[in-house]
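These are my notebook entries on a structure that I looked up piece by piece.

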Number of protein chains: 2
Amino acid sequence: MKRVPDSFFPPIALDPSKKTPLYRQLFDWFRDAIVSGQLRPGQRVPSTRALAAELKLSRLPVLSAFEQLHAEGYLQTLVGSGTMVSQSVPDDASKPTTSARPVPAVRKSPRKISRLAAGALSAPPQLWLNSLGPFRSSLPALDHFPIRIWSKLIARHFSRPLRELMAYGDPMGCLPFREAIAEYLGAARAVRCDPSQVMVVTGSQQGLQLCAKVLFNPGDPIWMEEPGYPGAHQAFTTAGLRLVPIPVDREGLNVKTGLRRSRLAKGAYLTPSHQYPLGATMTAARRVEILQWASRTRSWIIEDDYDSEFRFESRPIGALQGLDTNSTVVYLGTFSKVLFPALRVGYIVVPTDLVAAFSAVRETADIFSSTLYQAVLTEFIREGHFARHLRRMRTLYMKRRGELVDAIRLQLGGTLEIVGEEAGMHLVALLPPGVDDREVARLAAQNGISAMPLSMCYLKKPARGGLILGYGGTDAKEIQDGIRRLKLSIPRPT
Amino acid sequence: MKRVPDSFFPPIALDPSKKTPLYRQLFDWFRDAIVSGQLRPGQRVPSTRALAAELKLSRLPVLSAFEQLHAEGYLQTLVGSGTMVSQSVPDDASKPTTSARPVPAVRKSPRKISRLAAGALSAPPQLWLNSLGPFRSSLPALDHFPIRIWSKLIARHFSRPLRELMAYGDPMGCLPFREAIAEYLGAARAVRCDPSQVMVVTGSQQGLQLCAKVLFNPGDPIWMEEPGYPGAHQAFTTAGLRLVPIPVDREGLNVKTGLRRSRLAKGAYLTPSHQYPLGATMTAARRVEILQWASRTRSWIIEDDYDSEFRFESRPIGALQGLDTNSTVVYLGTFSKVLFPALRVGYIVVPTDLVAAFSAVRETADIFSSTLYQAVLTEFIREGHFARHLRRMRTLYMKRRGELVDAIRLQLGGTLEIVGEEAGMHLVALLPPGVDDREVARLAAQNGISAMPLSMCYLKKPARGGLILGYGGTDAKEIQDGIRRLKLSIPRPT
């Protein structure tokens, strides 16, 4: 419905049946008309009374609209000459905006983004991450999480939350939670730390970013396990570090090769308890070697202890951090893999003299971690639910691992070679030489399988392709069915 | 209690009364003895049977310890020669670790950290952030948050959480939440966007970091409002940008000065609705000017709409983003200031052609945002609780603002000059010329007051000091009491 005021003005289109209130429609009309140049700077506008009469409106919406137009500087009132379009609105203004507010069209030519973003964009799409299909890596058994206990703890905390739990928090995290983490790490992982050294982060990815920012300058070389964890590649590449691939074997990262290739590297990223993805445990000899190197060259070691809770053949291996007498190790862990990923709660243990630096840099990143889950997790640990859940999952994952190994041997025994099945929530299945693992993973993803290609973990070209098969979140039926479907995705040996 | 085995071996100290299990004590003892060199590579160790007998233990803990020592490579067994300390453990090993696991001492000389971390550390301590005292900036009225409704929504979602809500999520956020945000922003802020353009972040600080990383390269110049938001200074400094201070006046950032000082800047950071901290609303003329500049020079505008919900003198001002027809604006907002800070939920609205880049870079930062609050907030918005809460808070904050203004005029009228009290959750009280605002803030902090010095917001030297006084989380009684205590912290004019 259109209403037309006097000839002085372009027609004003208002529609009382629309959801947008009339004052807002009027405001939009004026703003658009001024910005588009339909109304010129200095042009007189009718009085609110006259406009209301002409538009057959009550004066209230007109007053509201004008008040707003004044506040935003579109209109000005000069004593003696009434209300007019502001002189200071440039008359070569941009195109009008419409009340329909469509999304502006995208320019044809690509626009300039940072080198960093261009690099992140250049990564090929990972189809296998699009679903929660069988063998999704790092996914725990969500349906076995003690959700009732968890809900009860949440309810307990949120029925009467503390002021401190709702306000701005410490970049390091809530102290009771950090105490519980320090105690757990000391007992279960032989990590030596004081709660003051524990920082709560939103996951190990953030932990890696913080390490990169605090410990290194752009351009610094850092030893990376080859193959290694792609998330760490991303974090350190983003921070501008120079990634030096050092091969891993059955004893973990080959320190001697590291010394030969890049003795003066500023740091090393390690998964000593359970090498990602191949599964080796770093031996005592190598541990001592790398600690000595770090201490001699004043380099930093980043120990990512991402899933060491699940060890089947022997007891969990103690952390490298616990062996370190020179505080060269920053230790990372996460609750996402042992409880559920959407938690976004992890932790880092930093040397005492670096606590202030980590805290300051964390503050620039995202200030602090959400506090609710910290309080809930504290009680979850203190009341023994965490230890109980870990025990139950250890048994469950061991069973699933056995089922997966059996299914592979039975159905794909001649094709896949199993590596690294002693621990964790995944194993690696090596493909026959010459088979492109990304192609297999893509085909498998089309069949609903979430298997990550091993070559994703390499900085250089891998000798042999493979698939990383997670079994934490994949039950017996899905394992059987998944392996059947996987078989269809692997080209037959020629 | 010490038990001593045969002469072959150093004494093994085990204590059955300790909480640490015996196998672990034994393992620790061996590891420490090997690492410290007390036991040499190749040295024979007693059989488990012999050791158990000597230590008067059952064989089980000894077997467990040895199994673990083998697994970690400290011991090896050669056919015919029994078990020995591994040959490959270097004998110039580091110092022993003790079972007491004390925290290693910090080196005397400071160790090398990154330039970035050193910069972040060099910021002076902000005593006024140590408490939640009166006038804490950005703190909402926590005790007025509808906690019962919130708890009910949390309980509803967590009694039967979706698998998708617990697993890995989209770096952009949960779609229903992004739809609710897009709708809210369209209606309340005149932001023009499709849900596909909305990314859920952990707060505006993370949003700023992402903008810096995606849109700019290190060294790029960016216009900053002077004075401006310290969190933005931190984020952009961390990203290596060159911050160009552009003065603000009562019409917002002075675009002409910007053009004169740094026409080819790659971007501008703005708070157009309610300039932080001085409170100006950017006028229509300036808005059009800066959009034209951005469009001409292909620069990016980062619009931080941090508290535009609370406007008292007129209706909320529409976002700059809604005027932009060239998709040069990235728009940021947060729920932390309107609901509660510990939420850690904010959002950014990015131009359609940049969605993939923002998503890729977000993934390298922390993968994705925790999902629980996203689901809860979606219903909080959809069921109208959000709009109701905003209305109630607008009234409350208007009342508190009045009380604060009155208290200042009454008790400190000759000393403080009030600026920017039309909107938001804070005002600025200018100190008499020559008074050091950091000194005043430090003294006030000692008196339990959380007032931020205005000079914190300047990149250059400010003309005049002042205090940023938040009133969102400060009630009538605290305001009265706070101003009395503040008075004691301000030197009397000489």
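**Entry 1, confidence.** I first looked up the pLDDT, the predictor's confidence in each residue, from 0 to 100, and found that chain A averages 88, with 91% of the residues scoring at least 70. Over residues 1–8 of chain A the pLDDT is below 50, and I noted that this stretch has 18 contacts in the model beyond near neighbours in sequence, a contact being heavy atoms within 4.5 Å. Residues 91–102 of chain A also have a pLDDT below 50, with 34 contacts beyond near neighbours in sequence. Where pLDDT is low, I remind myself, the predicted coordinates should not be read in detail. For the complex, the predictor gives an ipTM of 0.79 and a pTM of 0.81.

Residues are numbered from 1 along each chain as its sequence is written, chains are lettered from A and ligands numbered from 1 in the order in which they are written, and side-chain values use heavy atoms, with hydrogens and water left out.

I found 126 residues of chain B in contact with 125 residues of chain A. The area buried between the chains is about 10,800 Å², with 56% from carbon and sulfur atoms; buried area is the accessible area (1.4 Å probe) that two parts lose on being put together, summed over both. On the chain B side, Arg111(B), Met166(B) and Tyr168(B) lose the most area to chain A, together 7% of what that side buries.

I then looked up salt bridges (a side-chain nitrogen of Lys or Arg within 4 Å of a carboxyl oxygen of Asp or Glu), and the rule finds two across this interface. Arg111(B) forms a salt bridge with Asp353(A) at 2.8 Å, N to O. Helix 12 (residues 355–366) of chain B gives the largest share of the side that touches chain A, eight residues; helices (H or I, at least four residues) and strands (E, at least two) are DSSP runs, numbered from the N terminus.

The domain assignment, automatic or from a database, gives domain 1 (1–105), domain 2 (124–138 + 389–487) and domain 3 (146–383) in chain A. Between domain 2 and domain 3 of chain A, about 2,500 Å² is buried, 66% of it on carbon and sulfur atoms. Helix 14 of chain A gives the most to the side of domain 2 that touches domain 3, with seven residues.

A cis peptide bond, with omega about 0°, joins Glu226(A) and Pro227(A), and I found Pro227(A) in the loop between strand 4 (221–226) and helix 9 (230–238) of chain A. In chain B, a cis peptide bond joins Glu226(B) and Pro227(B), with omega about 0°.

How values were computed
This is a predicted model: local features need pLDDT of at least 70, side-chain atom pairs count only at pLDDT 80 or more; totals for chains, interfaces and linings use all residues.
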